[in-house]
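Please view the sequence and structure first.

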There are 2 protein chains.
Amino acid sequence: MSRSAFPRTRGSASSGSIRDPTPIGGACSAVPASGGPVIVVKVGGSAGIDRRAVAQDVSAVAAAGERIVLVHGASAETDVLATTLGHPPRTVVSPSGQQSRRTDRRTLELFAMAALGVETFGYVELLRGSGAPAIGVFGALAGARKNVRAVEAGKVVLLRDDFTGKVERIDVEALRALLDQGKLPVLPPLAVSAEGEGLNVDGDRAAAAVAAALGANALVILTNVPGLLRSVDDPSSLVEAASLDEAEALAQGRMKKKAMAAREAIEAGVRQVIVASGRVDRPLARALAGEGTRILAAATEAGGSRGARPPRALR
Amino acid sequence: MSRSAFPRTRGSASSGSIRDPTPIGGACSAVPASGGPVIVVKVGGSAGIDRRAVAQDVSAVAAAGERIVLVHGASAETDVLATTLGHPPRTVVSPSGQQSRRTDRRTLELFAMAALGVETFGYVELLRGSGAPAIGVFGALAGARKNVRAVEAGKVVLLRDDFTGKVERIDVEALRALLDQGKLPVLPPLAVSAEGEGLNVDGDRAAAAVAAALGANALVILTNVPGLLRSVDDPSSLVEAASLDEAEALAQGRMKKKAMAAREAIEAGVRQVIVASGRVDRPLARALAGEGTRILAAATEAGGSRGARPPRALR
């Protein structure tokens, strides 16, 4: 299963069509200042993500002087593993209609195998292979179980044995110490409760919490669509910039969690959230250079900057 | 598979029959001094290890003021997963007769899932649940591929696609930073090569390398036997103390790697290596209090201290 997600053959060489992004944090310095700003990159766990391209590009942007934390997903790998091992994925629907993974204890174990054992492992390999001092870290997110309410046969029930959680606290000290040493922390979407239970947490919102706790300049969410779309099935309907309110009004399906994550990050002081494609070559450089959707605190900024230069807020 | 290795039901409550170990590092202080001495604990990956007892006891010793790094194995979980997923474990025999796991790329992936996704995950859960600030770290061991030579059909062949490695460098900076924050790093037996390849490394020797790099006071190897035995099938033939030469002369089977690890640790300045049972209640406290086999640099120390008090070298 991981062979397809993390191919060993070298491929997707840099196209060179995107200019190097302007460093956000360290200005012109190639050595990031201790305690300087950070970019948090969230990369989705769906099958379409080009993990090698993401890792190579994150390495390139880090080498240019950015301090980066990578938070990844694990959904597709979990589905494959769960199906193969005879505990197929199940979905719960909340009273408000939100779908999420049913995470009983066995599913949590499979999720951990996919998240830590496939995705964290694979990203650390790929990042190291392209020169970034990546280090996988499990335990930097403290959380609590969510009260998962599900609609079952027309009734709302509270699931008592569910290991879906929410992030409540970030180990800023540990992440800062690693960043100050020039490391690139790679975090799975797993929290730990005070009782020592692993918890399946939403990767977008976990990344938002990390970005907020670290005072990040930007949260970049790389996903399997080009950004926020006015019309879900029409990639040409990309919204280049949106306020939080606009983003929430437009978001459908899984984009709702990203809009929620954007609000949590921005209201905690993160300057901007970029939602962009993780299926292209140089995905992070493209996102930083203006592709995808920028979500900002309030009024939509003037459009037209797409692909031209980093927007003002980034510099 | 992990349900048996990491049971969720609370059990194996502290028997209270062993007195609390004398702190090695921080003398009488409950707060470990920054940069103070460290104990590296290696816990084997075989099925018989009582992981809950190990985690609870490591937590208790850490709470008493010790700075601890835990390195774990992953052999039994890898075997179960590999068999379940249709890529059964294979063994290679070296020209000198040593057996080791054949680690082709797929086996490496399964090994990573078991090591990071089951064992690191499970130990962080159990340690957090008993109050220790555990943090799983992947990427702190840098290594290189071994030239694995195998005897196949009477001929010696060099395996070109094998991901068995040796540890060459420890990220002391990262581990020290985490220890200085009071964290308890948990490390899987996985290294990363300069090319970004994950590598299956021997856990005992990896723990020895960590102990050497951190200038540890002691390396405690918890395994599924009571220690070094004069007669492999007779637990009553336990050797209470041995020099490196004696340990190497007596070691058979998998104990040979432990003797090798002991030499590597002690010759790099680690004061002593203790090989003791990981199948008992309070395994670390027992080991520190005198159970198991102490391996010291030179002449065998006088026996008779077993269970009575920590030997002189520990204080």
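## Strand S16 of chain B and its partners

S15(B) and S16(B) pair in the antiparallel sense over three bridges, where pairing requires that DSSP finds at least two bridges between two strands. Opposite B:Arg294 in S16(B) stands B:Ile274. Strand S14 (residues 241–243) of chain B also pairs with S16(B), in the parallel sense and over three bridges. There, B:Ser243 has B:Leu296 of S16(B) as its bridge partner. Helices (H or I, at least four residues) and strands (E, at least two) are DSSP runs, numbered from the N terminus. In general, strands of a sheet pair through backbone hydrogen bonds, either parallel or antiparallel.

From strand S16 (residues 293–296) of chain B, B:Thr293 and B:Ile295 point one way, B:Arg294 and B:Leu296 the other way, and all are buried. Buried means under 20% relative accessible area, exposed over 50%, and partly exposed in between (1.4 Å probe, protein chains only).

## Basis of the values

This is a predicted model, in which local features need pLDDT of at least 70 and side-chain atom pairs count only at pLDDT 80 or more, while totals for chains, interfaces and linings use all residues. Residues are numbered from 1 along each chain as its sequence is written, chains are lettered from A and ligands numbered from 1 in the order in which they are written, and side-chain values use heavy atoms, with hydrogens and water left out.

## A four-stranded barrel in chain B

In chain B, four strands close into a barrel in the order S6-S9-S12-S11, with mixed pairing. Neighbouring strands of this sheet are turned by 60° against each other on average, direction ignored; the axes behind such angles are lines fitted to C-alpha atoms, for helices over the stretch in contact, and angles run from 0 to 180 degrees between N-to-C directions.

Within chain B, strand S9 (residues 164–170) and strand S12 (residues 198–201) pair in the parallel sense over two bridges. B:Thr164 has B:Asn200 in S12(B) as its bridge partner.

Chain A has nine helices and 16 strands. Of its 315 residues, 57% are buried. Among the contacts in chain A with a separation of 6 or more, 74% come from residues 24 or more positions apart; contact means heavy atoms within 4.5 Å.

A:Glu119 is placed in helix H4 (residues 105–129) of chain A. A:Glu119 counts as buried because its relative accessibility is 0%. Not counting residues up to four places away in sequence, A:Glu119 touches A:Phe6, A:Gly45, A:Arg51, A:His72, A:Gly73, A:Ala74, A:Glu77 and A:Ala114.

## Salt bridges within a chain

Over all chains, the structure holds 40 salt bridges, each a side-chain nitrogen of Lys or Arg within 4 Å of a carboxyl oxygen of Asp or Glu. One of them joins the side chains of A:Arg145 and A:Glu197 (3.0 Å, N to O). This pair links distant parts of the chain, 52 residues apart: A:Arg145 is in strand S6 (residues 141–145) of chain A, and A:Glu197 is in the loop between strand S11 (190–193) and strand S12 (198–201) of chain A. A:Arg145 is partly exposed, with a relative accessible area of 29%, whereas A:Glu197 counts as buried at 13% relative accessibility.

In chain B, the side chains of B:Asp57 and B:Arg282 meet in a salt bridge (3.2 Å, N to O). B:Asp57 lies in helix H2 (residues 51–63) of chain B and B:Arg282 in the loop between strand S15 (272–277) and helix H9 (283–288) of chain B, so the pair ties together parts that are 225 residues apart in sequence. Both ends are buried: B:Asp57 has a relative accessible area of 3%, and B:Arg282 has 8%.

## Contact between the chains

A rotation of 180° with 0.0 Å of shift along its axis superposes chain B on chain A (RMSD 0.0 Å), with copies superposed by least squares on the C-alpha atoms of residues with pLDDT of at least 70 in both. The two copies are therefore related as by a two-fold rotation axis. The same surface serves both copies, as 100% of the contact residues of chain B recur in chain A. In the interface, 42 residues of chain B are in contact with 42 residues of chain A. About 3,700 Å² is buried between the two chains, and carbon and sulfur atoms give 59% of this area; buried area is the accessible area (1.4 Å probe) that two parts lose on being put together, summed over both.

Between chain B and chain A the count is six salt bridges. The side chains of A:Glu125 and B:Arg105 meet in a salt bridge at 2.7 Å, N to O. A network of salt bridges links A:Arg105, A:Arg106, A:Glu109 and B:Glu125.
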